[in-house]
Amino acid sequence: MRMTARRASAALAGAVFFLAACDSGSTSAPPAREAVVARGAVVVGAPPGYCVESSALLDNDAESFVLLASCASLGSADDGPKALPAVMTVSVSAADPAVAPPDAGALATAAPGEVLATSQRGALALMHLAEGGAAVLPGGDPRHWRGASRAGSHDVGLALYAPEESPLAGAAGANLLTALADRIEAQPTSPAAPDP
């Protein structure tokens, strides 16, 4: 959630460029279905039909960033479910334990533009924005989804961008982002071994 907009945009732009150049007939290793970030503390799993774009992965002590897209767009020829084209992002940063995770109302209050809808799905706060998606995803619908939740001691920010007029730019996007959030889990981390 605290990842700077500049760094997130740079990572997303690089990954979108990569996706545009992808050849679905690629013979390289199949894309990953999950990423372990926040130095092993958080696992981000992909919904069915989607995969992690490993070249866009950022992971350091302060923040982590994961980009996901349809497995087909990343060159996977597996027999899994065919997914609608979309780009999803997950940012992970250390949470302030004194601050509660934002609810849908707080998320909408901080929105950078017109909010079409909000939804609270358990711990996941969602908002549907009217503008901005096309600026992130070339050929994308201006409408896009953003969400926020918490995984253990980490804040998690999510976003979904889809092609123009895609069902995922509408109500279906909330369901896909929820499916992604359901696959983000905190992992127990072992304490560092004491120095001998």
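**Strand S10 and its partners**

Student: In this predicted model, which glycine takes a positive phi in the hairpin of S9 and S10?
Tutor: The hairpin of S9 and S10 has two residues between the strands. A positive phi near 60° is found there, and the residue that takes it is glycine 152.

Student: How many bridges join S9 and S10, and which residue of S10 is the bridge partner of arginine 150?
Tutor: Strand S9 covers residues 144-151 and pairs with S10 in the antiparallel sense, over seven bridges. Within this pairing of strands, the residue of S10 that partners arginine 150 is aspartate 155.

Student: Which residue in S10 is the bridge partner of serine 91?
Tutor: Strand S6, made of residues 87-94, also pairs with S10 in the antiparallel sense, and eight bridges link the two. For serine 91, the bridge partner in S10 is glycine 157.

Student: What percentage of the residues of the protein count as buried?
Tutor: The protein has four helices and eleven strands, and it exposes about 9700 Å², of which carbon and sulfur atoms supply 56%. Of its 196 residues, the share that counts as buried is 44%.

How values were computed. Residues numbered from 1 in each chain as written. Predicted model: local features only at pLDDT ≥ 70, side-chain atom pairs only at ≥ 80, totals over all residues. Heavy atoms only, no water. Pairing = 2+ DSSP bridges. Buried < 20%, exposed > 50% of the residue type's maximum accessible area, 1.4 Å probe, protein only. Areas by Shrake-Rupley, 256 points an atom, 1.4 Å probe, with all protein chains shown as cover.
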